[in-house]
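Trainee: Could you take a close look at the part around the ligand with me, and at the aromatic rings linked to it?

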Amino acid sequence: MPNQINSLYEYLEAYKKSTENPEEFWGNIAESFYWRKKWDKVLEWNFDEPNIQWFINGKLNITENIFERNLADFGNQTAIIWESNSPDEPSQHISYNELFKKVTQFANVLKNQGAKKGDRIAIYMPMVPEAVVAMLACARIGAIHSVVFGGFSAQSLSDRIIDAEANILITADGAYRGAKTISLKNIADEALEKCPSIQKCIVLERTKENITMKKERDIWWHEALATAQIECKAEEMDSEDMLFILYTSGSTGKPKGVVHTIAGYMIYTEYTFKNVFQYHKNDIYFCTADVGWITGHSYIAYAPLLASGTLLMYEGVPNYPHAGRFWEIIDKHKVTHFYTAPTAIRALMATGLEHVKPYQLDTLKVLGTVGEPINAEAWHWYHAHIGKGKCPIVDTWWQTETGGMMISPLAGITPTKPTYATLPLPGVQLMIVDTEGKELKGNGVEGNLCIKFPFPSMLRTTYGDHERCKQTYFSTYKGLYFTGDGVKRDEDGYYRILGRVDDVINVSGHRLGTAEVENAINEHPLVNESAVVGYPHDIKGQGIYAFVVLEKDGQTHEKDAMKASIISTVNKIIGAIAKPDKILLCSGLPKTRSGKIMRRILRKIAEGDISNLGDITTLLNPEIVEEIKKEAGF
Ligand code: PRX
């Protein structure tokens with residue numbers, strides 16, 4: 001396979017080349033892709049504006065690189081194996097030839113509904129092959145997709161549609177998730193009341209539940225398909241045209257739309273997929289992410305298909321109808337590569353080995369993790385009981401903003417160390433700095449993780465607000481992209497991610513801004529103010545701890561009822577993923593004399609460690625600390 005690294009020596013060589021001459025390095029890799037017109041220049045950049053451009057003036061379409069480039073060799077190969085939420089429903093096998101037809105025909109549906117190049121199209125779908133078809137169909141016609149995770153609320157969906165000014169929404173009647181059904185279309189209907197930009201809503205039939213179709217606006221997927229032609233020529237796109245927007249949380253304000261552009265994203269995700277996983281022909285790769293997150297974009301919808309791989313896509317959840325469901329799927333479909341999140345590993349570990357023992361798991365070759373730091377216990381369990389001690393684990397560190405993996409072992413090539421993401425991938429130039437931005441050189445250092453040179457798949461902007469992109473990522477330390485993560489580089493030069501150093505919490509591998517959760521809580525009519533912090537949680541990695549001050553009227557209500565009502569407000573505004581694990585009702589929050597909430601103190605209390613709360617005498621209201629401690633059970 002082209003661009004495949006086969007040994008540690010080749011990795012070191014590739015890394016060296018990628019830093020000494022990045023343009024030549026990435027230019028060579030880009031040669032194996034299909035271009036309507038080659039680029040004039042590989043890279044132009046400056047991190048101050050920021051302005052990052054790769055493969056300038058190149059013309060291409062990413063779907064031609066998935067399909068036309070490879071169909072002669074791979075047309076009959078299975079592209080997607082789909083496994084239903086229910087073990088009783090037959091799985092599907094979709095070949096590349098069939099997937100190609102589905103994509104082009106649905107691209108025509110989009111065109112028939114008035115979609116054109118540059119339009120933003122929102123996708124709010126279950127984990128069914130049609131979600132990938134919808135994404136690729138957008139790419140085929142040059143429309144920009146914005147996928148919204150199916151667990152988000154009506155308000156979160158409408159916020160994202162409004163921000164992107166999307167004109168089409170693609171959704172389904174409902175989604176199966178374990179024992180539950182999510183009424184996607186009903187939620188979408190509520191969201192669309194606030195979204196005048198949406199002209200058309202295309203609805204896939206999945207759960208067959210009762211929904212209403214709004215005349216003129218709503219159209220069934222299968223009905224639209226019946227009148228659509230199959231062939232659809234790919235739109236010619238520029239390297240730097242937008243491929244998609246994906247909203248993600250930060251430490252301030254509403255989620256921002258991270259923008260990825262076509263060529264750099266395509267090249268980097270395919271390259272990292274092949275090398276990190278050491279994916280080879282006939283391997284079967286199962287990634288448990290949802291297409292609503294970046295992992296589901298890069299390592300479900302795009303990279304495995306660009307690499308002509310066979311992708312297993314699963315509709316359901318890890319523990320339905322039983323806690324051995326993942327392992328059952330691995331045996332059933334002879335999965336070789338399995339990529340999941342530490343939170344899932346911890347949850348399944350907690351259910352006991354009796355759920356693993358009935359399965360062989362002998363087809364597995366490579367295991368992966370992503371989304372949050374993996375603790376040593378979970379790493380060893382995964383290695384011993386799922387990988388049977390013979391499968392390397394790739395602990396892949398990256399972000400929505402990086403588009404592709406940044407720090408990771410190459411499976412079977414890079415010696416691993418539990419809890420370490422190990423070494424940067426080719427093209428990734430890291431720098432560790434202290435809080436003042438001074439570089440911490442050498443090994444055995446700990447600080448804030450930055451990236452000092454562009455790589456092809458990095459974000460280009462935040463949609464509609466370039467200044468926000470600059471402020472969030474490129475202004476903390478001059479000339480550097482700041483990741484928001486703390487990191488340790490040990491004596492061997494290996495990297496271990498220590499977690500976020502900003503006001504972002506990582507709950508079950510999902511990023512949430514504390515401000516975003518606070519804003520949702522504050523929407524409750526009886527809440528006066530709130531402060532949210534993360535705390536260590538055995539399964540989720542971090543849990544959400546909310547300190548809430550009620551209005552006078554609220555204080556007369558029964559406490560448990562108030563807490564339940566606050567949780568339902570958060571569910572409604574963001575979605576169940578942001579639901580606080582613990583709520584502490586108090587009469588005030590510890591504040592400095594300038595009115596700033598002292599989160600440090602709240603964090604300590606939430607962590608259950610009050611031994612060293614620091615000096616609280618300078619607080620405006622030191623007495624509140626005692627009240628909160630008491631309420632927390634100290
Ligand atoms: O804190 C890091 C953590 O997840 C953040 C990125 O979140 P998101 O954009 O939602 O993307 C998740 C999937 C790529 C990072 O800033 N993170 C991600 N992977 C790891 C990780 N922390 C430790 N180890 C990882 N492997």
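Mentor: Happy to! A residue is buried if its relative accessible area is under 20%, exposed if over 50%, and partly exposed in between (1.4 Å probe, protein chains only). This is a predicted model, where local features need pLDDT of at least 70, side-chain atom pairs count only at pLDDT 80 or more, and totals for chains, interfaces and linings use all residues. Residues are numbered from 1 along each chain as its sequence is written, and side-chain values use heavy atoms, leaving out hydrogens and water.

Around the ligand there are 17 residues (a heavy atom within 4 Å), and the closest are Asp395, Thr396, Thr400, Asp485 and Arg511. By class, this shell holds 6 nonpolar, 6 polar and 5 charged residues. Among the polar contacts (N or O atoms within 3.5 Å), a side-chain atom of Asp395 is 2.7 Å from a ligand nitrogen, and one of Thr400 is 2.6 Å from a ligand oxygen. The protein covers 96% of the 540 Å² of accessible area that the ligand has on its own (Shrake-Rupley, 1.4 Å probe). Helix 11 (294–306), strand 20 (393–396) and strand 25 (495–500) each give two or more residues to the shell.

Now for the rings: there are 41 aromatic pairs (ring centres within 6.5 Å; planes under 30 degrees apart are stacked, over 60 edge-to-face, the rest tilted). One of them, Tyr299 with Trp398, is edge-to-face, at 5.1 Å centre to centre and 85° between the planes. Tyr299 lies in helix 11 and Trp398 in the loop between strand 20 and strand 21 (430–433), 99 residues apart. Tyr299 counts as buried because its relative accessibility is 0%, and Trp398 counts as buried because its value is 9%.

Note on methods: Polar contact = N/O pair within 3.5 Å; in protein donor to acceptor, adjacent residues only side chain to side chain. Helix = DSSP H or I, 4+ residues; strand = E, 2+ residues; numbered from the N terminus. Nonpolar A, V, L, I, M, F, W, Y, C, P; charged D, E, K, R; others polar. Phe/Tyr/Trp six-rings, centres within 6.5 Å; stacked < 30°, edge-to-face > 60°.
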